[in-house]
Amino acid sequence: MKITQERFVHEFKKRLAEKFALDVKDAAPIELYQTLVSVVKSGYSEIWRNTWKSYVKNDQKQVYYFSIEFLPGRLLKSNLLNMGWYDVVDKGLKQMGLSLDKISESEVDMALGNGGLGRLASCFMDALASDGLPGNGNGIRYKYGLFKQKFVDGYQIELPNEWLTDGNNWAVARKSKAVDVLMGGQVHLIDNGKYLEAIYEGADVIKAVPYDTGIVGYRNDHVNTMRLWDAQIPASEEVKYPTIEDRRRVEDLTSVLYPDDSNYEGRILRLKQEYFFTSAGIQSITRHYKKYDRPLNEISEHIAIHINDTHPAMCVAEFMRILLDKEHMDWDEAWQQTVKTMSYTNHTIMAEALEKWPVEMLAKVQPRILQIIQEIDRRYALELEGKKDHDFIERTRIIKDGMVKMAHLAIIGSHSTNGVAKLHTELLENDVLRDFYELYPERFNNKTNGITVRRWLQVANPELAKTIDQAIGTAWRFDAKKLHELKNHVGDKKLLEKIGKAKLDNKKKLAAFIKEDTGIEVSPHAIFDVQIKRLHAYKRQLLNLLHIVKLYLDLKDDPNRDVEPRVFIFGAKAAPSYHYAKAIIKCINEVANMINNDKTINDKLKVVFLENYGVSLAEKIIPAADVGEQISTATKEASGTSNMKLMLNGALTVATLDGANIEIKDYVGEDNIFIFGLTKDEVLEYEKNHHYRAAEYYDNDPVIKRVLDAFVDGTIPNIEVEGHEIYDSLLRVNDEYFVLRDFASYVQVQEAVSEAYKDKQNWNKMCLVNIANAGYFSADDTVEKYAKEIWNIKPNATEMKGKAKDVY
Ligand code: NBG
């Protein structure tokens with residue numbers, strides 16, 4: 001829909017009157033927000049319909065991206081930008097005395113994920129649409145998103161995140177597209193003379209209702225769908241659930257994201273969720289496919305199904321179930337189609353995340369799926385007999401010692417397995433999944449992660465985006481790689497100054513937010529040093545904290561020390577049952593209290609831990625960051641994506657040679673990044689030979705000793721329990737993540753950071769080099785590679801990209 005300022009204002013007022021019987025001046029922010037959403041939605045609804053129709057008309061191959069997490073964040077600004085409406089709406093709202101920024105704050109983040117995995121899925125959704133590719137999301141519509149984090153006395157408290165209180169304004173419920181998912185009970189296979197019929201007895205029938213959200217492509221008249229499933233009770237089954245409690249048992253299936261799986265009940269609920277959204281998705285895909293009378297033995301030429309991490313691995317078995325039980329295909333043909341249709345991404349080598357389910361549990365949740373997995377496993381072992389030795393088969397089979405290994409199911413049942421950064425894929429091939437790589441070398445490939453430059457630069461950092469436009473024009477807004485043209489401007493002092501100015505303005509804004517949110521006063525002229533990600537031992541927020549304590553103790557010794565003032569900013573949630581991570585949060589908060597209230601250090605150090613880290617908070621922090629901390633133990637972080645977002649916004653990275661940091665270093669060059677710490681080979685060597693002795697570092701390095709003692713000798717107040725826990729984890733449990741081993745090297749590189757910051761012009765030049773290279777991590781390009789090399793899907797024939805360029 002073509003929009004002008006006048007038309008927008010007219011439409012907005014009309015809808016506000018219709019919806020709420022209000023004038024602009026009487027409307028509350030949430031009413032303004034809901035009105036704006038309805039205008040925006042109507043602006044793309046026709047394109048949404050047409051996009052879908054064109055897929056059908058052109059019989060286009062589509063990909064379905066199955067992910068147990070999606071973290072879209074707020075959609076308002078990003079939709080406006082992608083539709084090309086941003087400026088018109090911004091001005092129209094101003095004309096009515098309103099502010100887009102303020103209205104946008106009324107939108108509750110759609111926080112249906114934990115961290116990198118979910119955010120990547122959402123960046124990919126945006127990129128699929130912006131590339132004009134036929135791609136659909138498939139996930140769960142949790143009633144409660146990731147918990148809301150509060151700090152009380154420095155401790156993390158988890159509150160429910162009721163994101164649906166005001167309804168979700170973007171999604172459309174499509175009750176007519178509901179499907180039934182069967183769970184529990186028993187199954188019998190009966191030979192009816194023609195085929196084996198699966199008879200279910202005592203199974204629960206759950207109605208899966210899809211909620212569709214339009215995913216608007218960037219200025220290309222293309223809108224895809226993210227489909228999230230809700231669990232309800234089918235009318236036919238209502239009598240089975242007479243009480244509210246009974247009903248709740250069913251509806252709770254989609255209540256919370258990652259129910260606490262520290263107990264049996266939590267684990268079984270999680271497994272049910274996995275089957276629920278997998279089955280609902282596969283059923284709706286096959287139902288749609290059949291509508292057009294296409295032969296099922298060609299289905300892999302028309303659809304691709306992507307298994308995002310192991311949670312949707314049951315796709316393999318569910319797809320087989322439909323082809324075998326419903327379509328009566330023979331096993332070999334069904335298997336061939338399944339393997340050709342499925343592809344899988346691994347997102348971590350941490351053993352805890354490679355899911356395994358007890359056979360007994362799967363039998364309870366879906367006995368037919370267990371049967372099919374057992375048969376896949378049996379045939380797998382049979383086929384390898386005589387070709388591979390016994391140990392190999394036992395190591396790689398799907399079911400072993402009463403456990404079902406979901407990663408093995410995903411690899412054996414798909415034609416592609418990829419890692420998410422070069423190093424990660426190399427580790428999969430040579431170490432974690434070595435056997436499978438030996439068996440199926442052609443299935444393995446790397447797809448380094450990417451981010452959507454639209455949200456993370458154009459929306460989050462309009463100041464910098466404009467500065468870039470002035471230097472190199474606007475083509476980068478369509479093709480992020482073009483940011484590399486900035487490299488021709490490294491000597492442009494005016495531009496460097498402008499980049500510095502944009503950063504300073506963003507820091508002032510963040511400083512104001514910090515003051516309002518926490519009461520802490522920080523100077524925008526200090527270095528803003530940022531670590532934002534999930535709290536996990538391997539990500540080593542603790543290393544950052546030890547360094548902060550060192551700097552503080554140095555200042556206590558000599559308050560006049562010449563140090564570059566720094567503000568350390570943290571954002572992180574810890575899993576509710578992850579005790580150690582919560583102890584680290586408590587310690588960071590207590591160190592922050594101690595430092596921020598100590599007048600003797602003349603504001604040279606500040607520590608700010610912002611509550612409730614999520615996509616929207618990240619959009620405030622990242623544009624203001626000078627330094628990004630990417631300090632995981634080498635080999636442990638599969639890729640990282642905040643590293644990409646931060647560099648894109650002109651932050652310099654302090655990094656170990658881990659995940660995508662290595663590729664960042666290769667692009668920007670060693671002079672424009674701060675590398676420290678053990679390498680992959682050194683870490684692997686330590687892990688193999690067990691000759692690391694953390695205590696030696698404590699005994700031999702007086703700085704380490706002094707810093708660690710501060711955790712247990714009362715120097716840092718209020719951490720009697722947590723301080724000891726951390727001290728013990730490093731010295732008695734021998735420091736699993738080599739924090740002490742990397743400490744000296746970390747301190748050294750941080751000194752180099754402080755030194756570099758003194759020369760502002762050179763610092764800004766380094767920022768520019770980082771921005772210029774960040775376009776190589778655009779999700780648009782990453783997704784294009786998935787499309788070509790894995791899914792074999794093509795953009796819509798009448799791509800609008802070129803056209804949109806002209807109107808910009
Ligand atoms: C995470 C990795 C990150 C990676 C994201 C996206 C999981 C299971 N894995 O390093 O830890 O960037 O996935 O690939 O959340």
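## A fully buried strand

Strand 20 is mostly covered, with six of its six residues buried. Keep in mind as you look around that this is a predicted model.

Which strands pair with strand 20? One is strand 21, joined to strand 20 in the parallel sense over six bridges. Another is strand 23 (residues 627–630), which pairs with strand 20 (residues 527–532), again in the parallel sense, over two bridges. Val530 is a handy landmark here: Val530 stands opposite Ile569 in strand 21, and in strand 23 the bridge partner of Val530 is Gly628.

## The sheet around it

The open sheet has six strands in the order 22-21-20-23-24-25, with parallel pairing. At its edges are strand 22 (605–610) and strand 25 (674–675), each of which pairs on one side only. In general, strands of a sheet pair through backbone hydrogen bonds, either parallel or antiparallel.

A helix belongs in this picture too. Helix 21 (residues 579–596) lies across strand 21 (566–571) and strand 22, and runs at about 140° to strand 22. Between helix 21 and strand 22 there is a loop, and Asn602 lies in it. Phi of Asn602 is near 50°, a positive value in a residue other than glycine. Most residues other than glycine have a negative phi. Is Asn602 buried or partly exposed? Its relative accessible area is 46%, so Asn602 is partly exposed.

## A serine beside the sheet

Ser642 is found in helix 23 (residues 642–648). Because its relative accessible area is 9%, under the 20% limit, Ser642 counts as buried. Setting aside residues up to four places away in sequence, Ser642 touches Ile532, Lys533 and Gln630.

## Domains and cores

The domain assignment of the protein gives domain 1 (1–54 + 89–104), domain 2 (58–74 + 109–449 + 789–807) and domain 3 (457–777). The C-alpha centres of domain 1 and domain 3 lie 39 Å apart.

In soluble globular proteins, nonpolar side chains tend to be buried together. Here, the largest nonpolar core has 229 residues, and Phe276, Leu546, Ile569, Phe711, Leu740 and Trp791 touch the most other members. Why does this core lie between domain 2 and domain 3? Both domains give residues to the core, so it lies between them. There is also a second, separate core of 35 residues, which includes Tyr44, Leu75, Trp85 and Val459.

Tyr380 has 6% relative accessibility, so it counts as buried. Tyr380 and Leu370 are ten residues apart in sequence, and their C-alpha atoms are 15 Å apart in space. Leaving aside neighbours within four places in sequence, Tyr380 is in contact with Phe392, Thr396, Arg397, Ile412, Phe436, Leu439 and Tyr440. With one of these, Thr396, Tyr380 makes a polar contact of 2.7 Å between side chains.

Arg397 lies in the loop between helix 13 (390–396) and strand 16 (399–400). Is Arg397 buried or exposed? Arg397 is buried, because its relative accessible area is 17%. Beyond residues up to four places away in sequence, Arg397 touches Asp377, Arg378, Tyr380, Ala381, Lys405 and His408.

## A hairpin and one more loop

Elsewhere, strand 5 (residues 148–152) and strand 6 (residues 155–159) run antiparallel and are joined by five bridges. The bridge partner of Lys148 in strand 6 is Leu159. This hairpin has two residues between the strands, and Asp153 takes a positive phi near 55°.

Our last stop is Asn734, in the loop between helix 28 (720–731) and helix 29 (739–758). Asn734 has a positive phi of about 70° although it is not a glycine. At 26% relative accessibility, Asn734 counts as partly exposed.

Conventions: Residues are numbered from 1 along each chain as its sequence is written. This is a predicted model: local features need pLDDT of at least 70, side-chain atom pairs count only at pLDDT 80 or more; totals for chains, interfaces and linings use all residues. Side-chain values use heavy atoms; hydrogens and water are left out. Helices (H or I, at least four residues) and strands (E, at least two) are DSSP runs, numbered from the N terminus. Buried means under 20% relative accessible area, exposed over 50%, partly exposed in between (1.4 Å probe, protein chains only). Contact means heavy atoms within 4.5 Å. A nonpolar core is a set of buried Ala, Val, Leu, Ile, Met, Phe, Trp, Tyr and Cys residues joined through side-chain atoms within 4.5 Å. Domain bounds come from an automatic or database domain assignment. Two strands pair if DSSP finds at least two bridges between them. Axes are lines fitted to C-alpha atoms, for helices over the stretch in contact, and angles run from 0 to 180 degrees between N-to-C directions. A polar contact is a pair of N or O atoms within 3.5 Å; within protein, one must be able to donate a hydrogen and the other to accept it, and residues adjacent in sequence count only if both atoms are side-chain atoms.
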